[in-house]
Amino acid sequence: MDEDTTIKERIFERYHIPMPIYNVIEYIAGWARKYSIWPIHFVTGCCSPEFMQVSGARFDMERLGILPFASVRQCDCIMVVGVVSRKMAQRVKYLYDQMGEPKYVVSVGACPTGKGPFYDSYATVRADEVVPVDVYIPGCPPRPEAIIQGMMLLQEKIKKEVEIGVRRG
Amino acid sequence: MSDPEITPDVMRVSWGPQHPMSGQTRILIDIDGEKVHKLTADLGFTHRGIEKILENRTFLQGIIPVERMVMVDTANVGLSYVLAIEEALEVETPDRADWIRSMICELCRINSHLYAFGLQVESTGYFPAVFLWTTIDREIILDLLEELSGLVPPDLDIGLEELSIDRQTVRMRVQAKSFQAADRLGLQLAKFGPFASARIGAIEKDPKTGSKRFNVTISLKEPEAGDRG
Amino acid sequence: MSEGVEETFVEAVQAAHPDYIESVGVLKPKWVSLVAKREGFSELAFSLRDEFGFIHPVSAGAIDYPKENRMRINYYLINPSSRFSLMLGVDLPRDDLTLPSMTRVWEAMSFHERETKEMFGINFEGHPNPVPLLLPPDWKGGYPLRKDFEGEGAEP
């Protein structure tokens, strides 16, 4: 496959769709995808009650379309919530590999971002040594409003994606 | 991992570390139909090395990692650490401290039980209706604990530029994003006892960035040591 | 509860096993501390469980004293009928770290001894399942909770 032509150009050449219609289709696809991000229900450390409270009744995550789901194959994003120890880092990598494209990673809390209060410990790793992270949400633990703001940043990032699933940078 | 106990009838299932109900433990179940033969526990997924990092912390800094051993019920764990230090240093606490500690620990305990009830009912089927009810009840307790710790909500859009404190007054130079934010600061300050007499000065608007700056002057009647507790 | 319960226990233990004990003392109300010698540790443990009624094991841990060249292991036990607690300690020299395992006496010490073994390097003889408990399976060596632990893979 030629690396210089993008997916858009290839579809355009093959099916002869005019560009304005393709832009509309892309806009609708981006709007639909950004309002339905399903993360894996994967909580590691003490930030997990904040995750539960965000999906609770006062700060509702589901109005943004974010539903924590247990089956790995049908999820879009993995939210690494809490401390990642050395033994758990292998499992995070397995889960990331098992998800289908397009997929995103959000690191919630101070611990996966930069080891948090356990910065000089022999048994913790950062999340971006194991999986490529898209959005970092700091805090120990972060407020539910901060988690929602982080997810909205991820939504903007999805909306700005020129081609679906292609990771830039 | 080859094991001589696994026969063709018995299957080893891993109730793995990524599971909403098992927390972070991995339990290997040797199962034959519905009959369980043996359970093996595989732990260590949340091992953070807290005992080792406490060697490099002072006594007061050590509360932070110790409290993070438990997710929800943090006051009871912190209390056991603090009581051990007090016994070693032979420090006596006043009665009022014991009462306040009891109240906080009870609130945290109820917090933890509500969390557990909701998750247990959720694990019998996957519909989290009862979990949402217990979440609402937990919010009441969390609001109480938030008032105690003096946490100001982050949607105030306020930044602190300068702070000067002497025996009689506290002077702050504050920068806010909007006029409503300045009003809300006044309301929030009025809720705390010593800061109820705060006077907010004239608001001037920075022409370059559009942010609003003003002085807040708080006069204290009797200065107390550590009144922000 | 009369006040002399701890003292009667102290005298009874000293009378029963004078050879196996280094020192006995009362720490605070309801707590007795007993430091034993390494020889005959199993017999002392069996008799504490059977005759003196310390059937409830609570915890076990180790402390490293590199300057005095020893390590101390503490076992914490409770007597549920008379409700007081015992701290059973034994000193080991740092270059010969072996001890008979207490799993035969109190079954619940199995996890604690596994953790102490991988964190300090103490060998427990007769442990049914001496597999590392907490550290990751690709740990490159080194005992983390010793005071001269420098990093993973570096030998102290």
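Me: Why are helix 2 of chain A and helix 6 of chain A described as roughly antiparallel to each other?

Reply: This is a predicted model, where local features need pLDDT of at least 70, side-chain atom pairs count only at pLDDT 80 or more, and totals for chains, interfaces and linings use all residues. Residues are numbered from 1 along each chain as its sequence is written, while chains are lettered from A and ligands numbered from 1 in the order in which they are written. Now to your helices (DSSP runs of H or I with at least four residues; strands are E runs of at least two; both are numbered from the N terminus). The axes of helix 2 (residues 19-34) and helix 6 (residues 144-159) of chain A cross at roughly 160 degrees and come within 9 Å. Here axes are lines fitted to C-alpha atoms, for helices over the stretch in contact, and angles run from 0 to 180 degrees between N-to-C directions. Angles under 35 degrees count as roughly parallel, over 145 as roughly antiparallel, 65 to 115 as roughly perpendicular and the rest as oblique. Helix 2 and helix 6 of chain A are therefore roughly antiparallel to each other.

Me: Which residues of helix 2 of chain A meet helix 6 of chain A?

Reply: Gly30(A), Arg33(A) and Lys34(A) of helix 2 of chain A meet Gln155(A), Ile158(A) and Lys159(A) of helix 6 of chain A. Being in contact asks that C-beta atoms, placed from the backbone, lie within 7 Å. Sorted by class, this contact has three charged, two polar and one nonpolar residues (Ala, Val, Leu, Ile, Met, Phe, Trp, Tyr, Cys and Pro count as nonpolar, Asp, Glu, Lys and Arg as charged, and the others, Gly among them, as polar).

Me: Why does Ile64(B) count as partly exposed?

Reply: Ile64(B) sits in helix 2 (residues 63-67) of chain B. A residue is buried with 20 or more other C-beta atoms within 10 Å of its own, exposed with 12 or fewer, and partly exposed in between. Ile64(B) has 16 C-beta neighbours inside 10 Å, so it counts as partly exposed. In chain B as a whole, 14% of the 229 residues count as buried.

Me: How do you know that chain C is as compact as a globular protein of that length?

Reply: Start with its make-up: chain C has three helices and seven strands, in the order α-β-β-α-β-β-β-β-α-β. Its radius of gyration is 17 Å, close to the 15 Å from the globule rule for 156 residues, so chain C is as compact as a globular protein of that length. The radius is taken over C-alpha atoms, and the rule is 2.2 Å times the number of residues to the power 0.38. Those C-alpha atoms fill a box of roughly 55 × 30 × 25 Å along the principal axes, and 24% of the 156 residues count as buried.

Conventions: Two residues are in contact if their C-beta atoms, placed from the backbone, lie within 7 Å.
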